[in-house]
Amino acid sequence: MYVPRERNKVVDRLAKMASDRNTEVEVFVNFPKEMLDEFGFDEVNVSLPGHLSKLVENLCNGNVVENRKFCLKALSTHKAIATRDSTQLGTLIMKLGAANVKATLNVYDEITKKPGSPQALKALNCCVETYKYAILSFEMVSSELVEGPQTANYDVAVIGPEIANCEKELIDAKVKNPRLLARNQFMKYYIEMGYEITSTLELENPNEY
């Protein structure tokens, strides 16, 4: 893909590195425009060494992962690309999931402070408890990845019904808030990614558990 020289600092840096010393060359990948548009990014260049990119690619192509674009975007960070095995990637996914839960709790906290019906407040509080449970679950799964991927797989899976119940409560109480709907959807995506990586760990270690 052609990039005007004045916009491509990466090329300048590589040229300087080559003149200074021999160094390993990494491949810089531009994500498709439709993906960038969906997540509100104008341009993303990600250092993606081939032997590490396969780990993320396999995860995002998994049968359980519903939104491949979201998965790729979430794992386009340098920390994700630097992971060298499924355990490291799984630990990172759990941290990302927990961080998303905490951000979502802030949204719920903001909305519960606004005037609303008793039914709406009850539904919102139900979701707050659900997300508090999700934080504990993600943190617990992180510690289970090495010693018990089967248990980790189950503990990720059971978050899903809790989120579904939260959504039902919001619908029944006629709470229509796009931010909450989007956050609940993001939560589902992280659960799918967590379930996929823990399933992968089970397959990689079939005789250990």
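The exercises below look at cysteines and at one pair of helices. This is a predicted model, where local features need pLDDT of at least 70, side-chain atom pairs count only at pLDDT 80 or more, and totals for chains, interfaces and linings use all residues. Residues are numbered from 1 along each chain as its sequence is written, and side-chain values use heavy atoms, with hydrogens and water left out.

**Exercise 1.** Find how many disulfides the structure holds, and give their pattern.

Solution. A disulfide is a pair of cysteine sulfur atoms within 2.5 Å. By that rule the structure holds 2 disulfides. Counting bonded cysteines along the chain, the pattern is 1-2, 3-4.

**Exercise 2.** Describe the disulfide of cysteine 60 and cysteine 71.

Solution. Start with the distance: the two sulfur atoms are 2.1 Å apart. Next, take the torsion about the S-S bond, which is about -75°, so this disulfide is left-handed. Then place the partners: cysteine 60 is in helix 3 (residues 50–60) and cysteine 71 in helix 4 (residues 68–74), 11 residues apart. Helices here are DSSP runs (H or I, at least four residues), numbered from the N terminus. Finally, both cysteine 60 and cysteine 71 are buried, where buried means under 20% relative accessible area, exposed over 50% and partly exposed in between, with a 1.4 Å probe and protein chains only.

**Exercise 3.** Work out the handedness of the disulfide of cysteine 127 and cysteine 166, and say which parts the pair ties together.

Solution. The S to S distance is 2.1 Å. The torsion about the S-S bond is about 105°, so this disulfide is right-handed. Cysteine 127 lies in helix 7 and cysteine 166 in helix 9 (residues 159–172), so the pair ties together parts 39 residues apart in sequence. Cysteine 127 is buried, at 0% relative accessible area, and cysteine 166 also counts as buried, at 0%.

**Exercise 4.** Is cysteine 126 buried or partly exposed?

Solution. First, cysteine 126 is in no disulfide; its nearest cysteine sulfur, that of cysteine 127, is 5.3 Å away. Its relative accessibility is 22%, so cysteine 126 counts as partly exposed.

**Exercise 5.** Which residues make the contact of helix 7 with helix 8?

Solution. Helix 7 (residues 118–144) packs against helix 8 (residues 149–157) at about 165°, with axes 8 Å apart. Contact means heavy atoms within 4.5 Å. Helix 7 gives Ser137, Met140, Val141 and Glu144, while helix 8 gives Pro149, Thr151, Ala152, Asp155 and Val156.

How values were computed
Axes are lines fitted to C-alpha atoms, for helices over the stretch in contact, and angles run from 0 to 180 degrees between N-to-C directions. Helices (H or I, at least four residues) and strands (E, at least two) are DSSP runs, numbered from the N terminus.
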